[in-house]
Each structure stands twice: as C-alpha cells, then as structure tokens.
Amino acid sequence: DMEKIEVKEAKGKLGILVVGVGGAVSTTMITGTLAARKGVAKPIGSIAQMATMRLESGEEKAIKDIVPLADLNDIVFGGWDIFPDNAYEAAMYAEVLKEKDLNNVKEELQAIKPMPAAFDHNWAKRLNGTHIKQAATRDFKAANNCERIAVLWAASTEIYIPLSDEHMSLAALEKAMKENNTEAVSPSMCYAYAAIAEGAPFIMGAPNLCVDTPAMWEFSKKMNV
C-alpha cells in the first residue's frame, strides 16, 4: 500500500549552497549550469534538463515538463569555502574549463563569493584553509530571496572513521556535538545536521561517513527532510 506523496510545485528561487563552492568540481558544475541557463551551452548529462520518460500512452516527454522541477532561471548559487576566491578566480585556478568558456558567464561567477567554512585540518590533512568560520551565519536565504534551499557537499573526502556509538541515535550525536567530540563528529556531519535542522535537503557528494548513520536518518525523519 503505497503512500501518496504530494510533490509541491517548485515555486520561487532555489538556493543551492555548496560546501567547497570554490573547488574544481563545484565551479565546473556551476559554470555549466549558468552557461546552459544563458543558452551558450547545452546541459549535456543533466537528467533534469535533457532526459525523457515514457508515459502510459507511449508518448515520450521531457522529465522537466512532467515533474515539478526548479527552472534554471530560479537557481541561486552560494556556499562555503576555506579559500576566499570568488567562483571565477577559483575556476581559473582549477583549470578544468578554458578561459573562453568561463568568460561566457564571468560576471555571474564573480558574484559568487564563498562564506567562511567550518573546517578542521585533522579531517582533511592536505588542506590548509584560511577562510575559516568563527560563528554561525544564516542570512543567505533572506538576502537572496530564496523560497527553498538545498545543501550539497562537494568538498574533499574526509578521513575514514568507523560507525560508532555516537552515530547510533540522534540523542547520542547531539551529545557528541555539544561535547565538541571532534573524533566522532566531522565537519561534514555538522553541515548535514545544520541543513536538516533548517529543513533543507542535504546531498552528500563524497564517500566518507556522514548522512549514512541511524542518527541522521532519525533526524531527517523527525524534520521531514
């Protein structure tokens, strides 16, 4: 007996906040999205933009014409990084895309300036960040007039840790966070917890332990995220 899921209409602006917004992966993804939106590139590889599905009648239709997905024009990018470079400077430094491709959306990329990141050197030993968060900031949604927010982890993969008692329930995780137990609670877990607490979906783009714990499942169920 399947529950009927009400999918809300995707109205208003959608803020996509990327952890590691100045990384090679993030800046390439953002540049591609902005270029497709501007009509200077095709969104090749995007299921949301290019893929089709067959209806019961046998007719093929674009997924975006059937499923209530955000329009590319409604997307606003932001995020956090341990380096202060804007997305254009970071993409130039990454050298994944050619300068001429970046220049198509240069002004849009320059406008994406990272917020200081929560960072712990012990979890990513090869990185030495300078743009580090000292206190909570929660003004992106209001400042950018966004109806909805999704948070995406595209930062470096953190060190391996096994599943431990601290991860087995929400109460145990919250206790570990309050005690500042940095052996069991990683920066990515802090971002995931903060996103879920705000009612924002969190997408984990690295294979380290983070959302795949009973504590996070319990929290996401509680917050209906």
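Visitor: What makes the pairing of Arg 54 with Glu 60 a salt bridge?

Guide: In this predicted model, local features need pLDDT of at least 70, side-chain atom pairs count only at pLDDT 80 or more, and totals for chains, interfaces and linings use all residues. Residues are numbered from 1 along each chain as its sequence is written, and side-chain values use heavy atoms, with hydrogens and water left out. A salt bridge requires a side-chain nitrogen of Lys or Arg within 4 Å of a carboxyl oxygen of Asp or Glu. The closest N and O atoms of Arg 54 and Glu 60 are 3.3 Å apart, so the pair qualifies as a salt bridge.

Visitor: Why is Arg 54 called exposed?

Guide: Buried means under 20% relative accessible area, exposed over 50%, and partly exposed in between (1.4 Å probe, protein chains only). Arg 54 has 58% relative accessibility and therefore counts as exposed. Glu 60, at 41%, is partly exposed.

Visitor: How do you know that helix 9 and helix 10 are roughly parallel?

Guide: Helices are DSSP runs of H or I with at least four residues, numbered from the N terminus. Axes are lines fitted to C-alpha atoms over the stretch in contact, and angles run from 0 to 180 degrees between N-to-C directions. The axes of helix 9 (residues 187-197) and helix 10 (residues 214-222) cross at roughly 15°. Angles under 35 degrees count as roughly parallel, over 145 as roughly antiparallel, 65 to 115 as roughly perpendicular and the rest as oblique. The two helices are therefore roughly parallel to each other.

Visitor: What makes helix 9 mostly covered?

Guide: Eight of the eleven residues of helix 9 are buried, among them Met 189 and Tyr 193.
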